[in-house]
Amino acid sequence: MNQREQRQMNYISDYTKGNNIEIVKVMRRNVLGQLDVNRHFDRLVQMVSEGLADGILIANMQFVSKDIDDACRKIAKVSNVGGAIYSVDDGRLAFRFKEVCRGNKSR
């Protein structure tokens with residue numbers, strides 16, 4: 001597992017160098033379960049909301065999400081605090097909505 005994580009870190013580091021991105025914190029999954037991964041991810045979102053980082057960079061969404069619904073929720077969490085989430089494999093992950101109504105819905 002350690003070699004796999006190191007290859008992933010090298011992959012991310014190469015991307016950051018090529019795109020002038022500064023890494024401010026690295027969180028490693030190791031052999032953690034999904035609950036721990038979710039806690040780590042929420043800490044990263046908190047850092048973004050506090051202005052300590054502009055966004056989150058991952059190698060691939062599959063490493064932090066259990067399924068497509070979980071991935072969408074995580075992308076939305078980062079977006080809701082004003083940050084961006086990037087995947088080295090897929091680029092910026094975002095939903096392109098002009099406007100989403102909040103509060104009471106008119107029918």
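Analyst: Asp70 is buried, with a relative accessible area of 6%. Buried means under 20% relative accessible area, exposed means over 50%, and partly exposed lies in between, using a 1.4 Å probe and protein chains only. A quick word on the source: this is a predicted model, where local features need pLDDT of at least 70 and side-chain atom pairs count only at pLDDT 80 or more, while totals for chains, interfaces and linings use all residues. Residues are numbered from 1 along each chain as its sequence is written, and side-chain values use heavy atoms, with hydrogens and water left out.

Which residue pairs up with Asp70 in a salt bridge? That's Lys74, with the closest N and O atoms 3.0 Å apart. A salt bridge here is a side-chain nitrogen of Lys or Arg within 4 Å of a carboxyl oxygen of Asp or Glu. Lys74 is buried as well, at a relative accessible area of 3%. Helices (H or I, at least four residues) and strands (E, at least two) are DSSP runs, numbered from the N terminus.

By this rule, the count comes to 3 salt bridges. One of them joins Lys77 and Asp42, at 2.7 Å from N to O. Lys77 lies in H3 (residues 68-80) and Asp42 in H2, so this pair ties together parts that are 35 residues apart in sequence. Lys77 is partly exposed at 36% relative accessible area, and Asp42 is partly exposed at 35%. Then there's Arg39 with Asp36, whose closest N and O atoms are 3.2 Å apart. That pair is 3 residues apart in H2 (residues 34-49), which means about one helical turn between them. Arg39 is partly exposed at 46%, and Asp36 is partly exposed at 28%.

Now for the two helices themselves. Two packed helices are described by the angle between their axes and the distance between the axes. The axes of H2 and H3 come within 10 Å and cross at roughly 20°. Axes are lines fitted to C-alpha atoms, for helices over the stretch in contact, and angles run from 0 to 180 degrees between N-to-C directions. H2 and H3 are therefore roughly parallel; that label covers angles under 35 degrees, with over 145 being roughly antiparallel, 65 to 115 roughly perpendicular and the rest oblique. Their crossing is right-handed, meaning that the near helix is turned clockwise from the far one by less than a right angle. Among the residues making the contact are Gln34, Asn38 and Asp42 of H2, and Asp70, Lys74 and Lys77 of H3. Contact means heavy atoms within 4.5 Å.

Not counting residues up to four places away in sequence, Ile56 touches Phe41, Val45 and Val78, among others.
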